Amino acid sequence: MKERAPALIAVGLLIALVFGTFWAADYAQRAIAIDPPRRITHEPDSWANDFVMIRTDPAGVAINRLEGTFMQHFPDNDSYEITKAKAIGQQPNSPITIGTSDTAVMDQNGERIVMTGNAHVHRMPGEGRAAMDVTSDVLTIRPDDNLLFTDHPALVVNGNSTMNGKGMRYDNNTRQLQVFSATDVKISGQDSQPGSSTKPDTTK
């Protein structure tokens with residue numbers, strides 16, 4: 001019996017150590033507060049003054065530029081809100097367009113820019129075509145598709161032609177312009193160019 005006593009004592013100490021370790025781990029887990037998962041809210045996680053973003057094509061040529069006096073990034077939808085925004089599109093073989101507005105939101109991985117407040121887009125003249133200006137309270141630009149559109153009232157001045165309407169769409173690749181629910185339309189024959197289209201559309 002005396003020979004077995006040390007072995008029994010060792011087994012008892014081992015069992016006590018196991019239970020003691022288990023109790024200490026459980027106590028520590030209950031004692032230390034675990035932070036709940038972070039709620040993702042529409043709050044900025046970064047910002048910058050005099051913001052400038054340039055996008056390039058696969059060859060490294062700059063095709064779009066977005067700038068403003070102040071920028072905030074929102075992680076919940078990966079959007080950028082820009083104050084005093086200016087968007088410049090310079091796609092190859094297309095006239096340069098310059099858009100300005102009081103504020104703008106860029107989202108959808110940079111594929112959409114919604115310009116709000118005194119929104120104005122100017123298409124530079126070229127290839128025998130006069131300059132074009134579009135003004136509205138909201139204008140949406142899709143830089144990669146070279147598209148400009150709005151569902152809001154808009155004024156379009158295309159050369160000597162002017163069109164007022166609710167809703168418009170302009171494709172800078174094909175030079176096709178449509179103004180929906182058009183009113184007060186004045187189209188000049190001088191602005192009709194082969195391969196281009198400037199027309200009101202009253203079917204919508």
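This is a predicted model: local features need pLDDT of at least 70, side-chain atom pairs count only at pLDDT 80 or more; totals for chains, interfaces and linings use all residues.
Ser-79 belongs to strand 3, which covers residues 79-89. Because its relative accessibility is 2%, and buried means under 20%, Ser-79 counts as buried. Its side chain makes a polar contact, at 2.7 Å, with the side chain of Asn-77.

When neighbours within four places in sequence are left aside, the residues in contact with Ser-79 are His-42, Gln-72, His-73, Phe-74, Val-105, Met-106 and Asp-107.

## A salt bridge at Asp-107

Asp-107, one of the residues in contact with Ser-79, also forms a salt bridge with Arg-112, in which the closest N and O atoms are 2.7 Å apart. Asp-107 is buried, with a relative accessible area of 13%, whereas Arg-112 is partly exposed, with a value of 25%.

## Other salt bridges

The whole structure holds four salt bridges. One of them joins the side chains of Arg-55 and Asp-144, at 3.3 Å from N to O. This pair links distant parts of the chain, since Arg-55 is in strand 1 (residues 46-56) while Asp-144 is in the loop between strand 6 (132-142) and strand 7 (147-158), 89 residues apart. Arg-55 counts as partly exposed at 26% relative accessibility, and Asp-144 is partly exposed as well, with a relative accessible area of 37%.

In another salt bridge, the side chains of Lys-84 and Asp-102 meet at 3.8 Å from N to O. Lys-84 lies in strand 3 and Asp-102 in strand 4 (residues 97-107), so this pair ties together parts that are 18 residues apart in sequence. Asp-102 is partly exposed, with a relative accessible area of 28%.

Terms used. Residues are numbered from 1 along each chain as its sequence is written. Side-chain values use heavy atoms; hydrogens and water are left out. Helices (H or I, at least four residues) and strands (E, at least two) are DSSP runs, numbered from the N terminus. Buried means under 20% relative accessible area, exposed over 50%, partly exposed in between (1.4 Å probe, protein chains only). A polar contact is a pair of N or O atoms within 3.5 Å; within protein, one must be able to donate a hydrogen and the other to accept it, and residues adjacent in sequence count only if both atoms are side-chain atoms. Contact means heavy atoms within 4.5 Å.
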